Structure formats: C-alpha cells, structure tokens
Amino acid sequence: MINTFYLSAEELNNSPSPSRKDGIDEATEVNLRIYGCELIQECGILLKLPQTVMASGQVLFHRFYCKKSFARFNVKSLAASCVWVASKLEENPRKARHVINVFHRMKCRRENLPIEHLELFSKKYAELKLDLIKTERHLLKELGFVCHIEHPHKFISNYLATLGTPPELRQEAWNLANDSLRTTLSVRFKSEVVACGVVYAAARRFQVPLSDNPPWWKAFDADKSGIDEVCRVLAHLYSLPKAQYIPVCKEGGSFSASSEAWDPQPMSKDSGENIKDRTHR
C-alpha cells in the first residue's frame, strides 16, 4: 500500500500532474511546492517541533499534490494541515489553536502587515479552525488514511559508518536530506535511494572518495541512475530563486473560501486604522 505513493518514470515523463492539467506551468508548481514546504518548516520551528515532524509534514504535502491540484486546494491551508497531522503522527501533538496562531503570524510577517493577536472567539479564528479541520479530512481521505513515512535520515548514519567516512560528512548529508524534502524526491524514490544520493553528494562536496569496486551503493539497495537523479534534483533546487506565494487557487473550487481566510488583506495607505475590521470580516 505504501508503494502507491511512489511515482513511476512513466508517470513522471508522460502523465501531466493534476496541477499541470489545470493550466499551472511546471515552474509555478515547483515554486509552490517549495513555498509550502518552507511554511511547514518555519511553522515547525516556531512550534518547537522535532525535525521528524516537519519532514513527515512535507512528505504528506507532496503526496497530496501528486493527486490534487494547486488550483483546487490552497497551498497555505494544506501546509497548516500537514503540520497539524504530522505532529499527531509523530506523537508530538500541537493544539489546533497553536498551529492557527503561528500560521496567522507567519502570513502577517511575510506580507509585511502588523502582527495582531488572533482572538480565540473571533469570526476569523472560527473560519481558520473550520478550514484546518476540513483540510485535515481531505488530506487523510485522499491518502486513504495511510500515513506511514520512512525518512532517509534513519539510514544516513549507518551508511556513513559502513563506508568509514569522516565525521563531517554526517551533518552535510543530513542537511542535504532536509533540503531534499522541498522536492518531489520523497514520492519518486525509496528512502534508501535518497539516502545514498545525499551521501554521494556530501562525499563529492568534501572530495571524499567512495569505493566503486564493487560499487558501494549496491550494498544499500540503490542504483547509480537513482543516485545521479537525486544529485541533479538537489543541484536544480539550489539554483532556484527564493520561493514566493503565487495565488493560483481558482474561485469556486475547493478551498476557495479558505484561500481568503489564510491570506492577510493588504493594508491601504489611507485606512491603516481599519485593518482590524478587515481582518475579522
């Protein structure tokens, strides 16, 4: 059942993604995937969650958008829900109001708006909480309530110890594994392949030779083509500019209302004193 979340080469090359079918170009889809994963990472840090929670949230995020379109499901709503669900999956649960408050402050800060306290019994808070609950249901239903996740991080230390590499490679490989979560590698390759890819990339960066006679990756259930692809995807990730929010969620589609709820309203130059009224509208 878990293997259904891995996309085949045929699916990647010949079948357009749900977002592409809705007219969203590849660059925009990549940008929104990175943007959503950065929201999850930032929220997790602010909520003092362990890295495992953020990693699981990012994998859930990618899995969902392999099945549904950015044009129909708002990226900010889903990112918030992925944090909430992942915190429960990894047994570090956070209350809904804490997730909502952190995301609300993050949006205000990213939009350069005054950070205001979100009243617990306000209309705005009620809308956001309802949206969080609805999004969680959509997420779990779309994934068939199968949320098992195996991260490459668990393999890295063992692989490096087996290969007898210098200690500094561990942190570099760990950082690369964290960065890989902003890409679709988690839905394209098994964790062992991604782990081998980041180990190989880290070794190249530190110019540490790895045994190729016999090829070291064969001992870890990986192939060279997969490792090369992991390195290529990471190199492409580092060449991209900082991800920005692009409003592509269609009016009238699922989560069109939630898009308004999560997006802070811009403050006009002549009516800054009315921002509170617009926020709770």
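Analyst: The notes below cover ring pairs, charges over rings and a helix. The model is predicted, so local features need pLDDT of at least 70, side-chain atom pairs count only at pLDDT 80 or more, and totals for chains, interfaces and linings use all residues. Residues are numbered from 1 along each chain as its sequence is written, and side-chain values use heavy atoms, with hydrogens and water left out.

User: How many aromatic pairs in the whole structure?

Analyst: The search finds 10. Rings of Phe, Tyr and Trp (its six-membered ring) pair if their centres lie within 6.5 Å; planes under 30 degrees apart are stacked, over 60 edge-to-face, the rest tilted. One of the pairs is Phe 64 with Tyr 65, edge-to-face at 5.5 Å centre to centre and 85° between the planes.

User: Is Tyr 65 buried or exposed?

Analyst: Buried, at 0% relative accessible area; buried means under 20%, exposed over 50%, partly exposed in between (1.4 Å probe, protein chains only). Phe 64 is also buried, at 1%.

User: Switching topic, what sits over the ring of Tyr 245?

Analyst: The charged end of Lys 76, 3.8 Å from the ring centre. The criterion is NZ of Lys or CZ of Arg within 6 Å of the centre and within 35 degrees of the ring normal. Lys 88 lies over the face of Trp 84, also at 3.8 Å from the ring centre.

User: And how many residues of H10 are buried?

Analyst: 13 of its 15, so H10 is largely enclosed by the rest of the structure. Helices are DSSP runs (H or I, at least four residues), numbered from the N terminus.

How values were computed. Helix = DSSP H or I, 4+ residues; strand = E, 2+ residues; numbered from the N terminus.
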